[in-house]
Structures are given as structure tokens and as C-alpha cells.
Amino acid sequence: LVSRKDCTVEVVYYKHVLPSVALLPLILKKQQQQVSDGNDDDTNETLNVIDVGTGGGFPGLPLALLLPKIQFTLVDSIQKKLKAVSEMAAELEISNIRIHWGRVEEMYVGKEGRAKHYNKYNIVLGRSVTALPRFCSWISDLLYKDTNGYEENDGNLIYIIGGDLEDVVTTNIVQAIPLDTWLQRDEIISDKQALIFNACNVEEIAMESDE
């Protein structure tokens, strides 16, 4: 699941686990928003979070372990990775995750897919999966959009990335937070940042994709 040079407890913890856990305040904030919006119990009972391109289970698996009342769906196109993630979840007795093997852009195709996944997720997570315009084109239809037009209730994309960004991405960022801001350690652990987008921003970025 990781390269041989990264296969130490220290590297996995600081490079993969801690940056995943750093997203915790953002998800808790979204959960609190659901409650304060006055939704009925059936609606705010849980958030639906999807981790696209989860690989070895990051960031979804550590977050699911810490947030047992939130439902996580972990998606990847490589079956052997998901098998390992499923085994880890079972060993850790994490019951609030679903595993989906396949390409995310095919999840909402057809009647069954649209019913299960279209407009379903309050939060989409991604971690350096691909260029953001392409990623947004894949996941735009997964994000929840309030039918009453209240954009503050819409879903959010939280994307971990480093390096330069396309202009259309930069102009649509709602918030950008270096991961080290949350980790609060003296040494630099991660050079990446978490970018937050609203559903309408995701749609605009997706329009610039060639997908």
C-alpha cells in the first residue's frame, strides 16, 4: 500500500495518519452545521462522507475510526487495496464504512447508481488523486445540493494537495488551510494544504475539465 522506503511506523504515522486526522475539525464543523440548521432527526442523524481514491484508506479510515456516528464510503478502482482496507476496518472493528470498488465517475450511472449516490454526500474527500478540474468533474454529481436553494447547506469538497494550482481552482477556493496549522508541531510534518470548496465551486471548476 505504500512504497518500501515509507514502510515504517514513523513515516506512515506522520505522512499518512496525522494528515488524515488533521481534517477532523472540518468534518465536525459540517456536522455541527447540520444540527444547527434545524433539520429533522432523520436528516442530521449522520453525515455521508465519501473518500474518493482512498488507496490504503487515507484519509477515510482514520476519520471513520474517530467519528463512529458518521457514515463513510471508501472508493478505489484497485480491488487489492480495498481488500486490505476492508481487513483493517474489520480488525479495528470499524462498522461505519462501506467499500466501493470501481471508478467514481461510474457510481451514479443508471437508475441504481443515481438512487444510491447522486446528490448523496455531504462531504467528498480526496488526497492528490488527480488534477482538481478532472476530480471535480468526477464528483460534482455526488455532492448534496439543497433543493430549496440554500447553498450553505450544500455539500463540500475537501481536497488535500500540494504544489501549484490552476487559476480556475484558485479563484473558487472557499478556504485553504495548511495541514500543519492543525497539527501544531514545531517541525514541519506536511507541505500540503486542505482546500475547501462548496458544491457550486466544484461545478464551476468541473466545467473547465476536458472530461
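**Salt bridges, sheet and helix packing**

Modeller: Quick reminder that this model is predicted. Let's start with a pair: Glu 203 and Lys 145 form a salt bridge, with their closest N and O atoms 3.9 Å apart.

Colleague: Where do Glu 203 and Lys 145 lie, and how many residues apart in sequence are the parts they tie together?
Modeller: Glu 203 belongs to helix 10. Lys 145 sits in the loop between helix 7 and strand 5. The parts this pair ties together are therefore separated in sequence by 58 residues.

Colleague: Is Glu 203 buried, partly exposed or exposed?
Modeller: Its relative accessibility is 35%. Buried needs under 20% and exposed needs over 50%. So Glu 203 counts as partly exposed.

Colleague: Which residue forms a salt bridge with Glu 87, and how far apart are the closest N and O atoms?
Modeller: Look in helix 5, where Glu 87 and Lys 83 are four residues apart, about one turn of the helix. Lys 83 counts as exposed at 52% relative accessibility, while Glu 87 is partly exposed at 45%. The partner is Lys 83, and the closest N and O atoms are 2.6 Å apart.

Colleague: Which residues are linked with Glu 105 in a network of salt bridges?
Modeller: One link joins the side chains of Glu 105 and Arg 103, at 2.5 Å from N to O. Glu 105 is buried, with a relative accessible area of 18%, whereas Arg 103 is partly exposed at 44%. Besides Glu 105, the network holds Arg 103 and Glu 106.

Colleague: At what angle do helix 7 and helix 10 pack?
Modeller: Contacts between the two helices include Leu 132 and Pro 133 from helix 7, and Val 202 and Ile 205 from helix 10. By class, that contact has seven nonpolar, one polar and no charged residues. The axes are 8 Å apart, and the packing angle is about 115°.

Key
Residues numbered from 1 in each chain as written. Predicted model: local features only at pLDDT ≥ 70, side-chain atom pairs only at ≥ 80, totals over all residues. Heavy atoms only, no water. Axes fitted to C-alpha atoms, helices over the stretch in contact; angles between N-to-C directions. Contact = heavy atoms within 4.5 Å. Nonpolar A, V, L, I, M, F, W, Y, C, P; charged D, E, K, R; others polar. Salt bridge = Lys/Arg side-chain N within 4 Å of Asp/Glu carboxyl O. Buried < 20%, exposed > 50% of the residue type's maximum accessible area, 1.4 Å probe, protein only.
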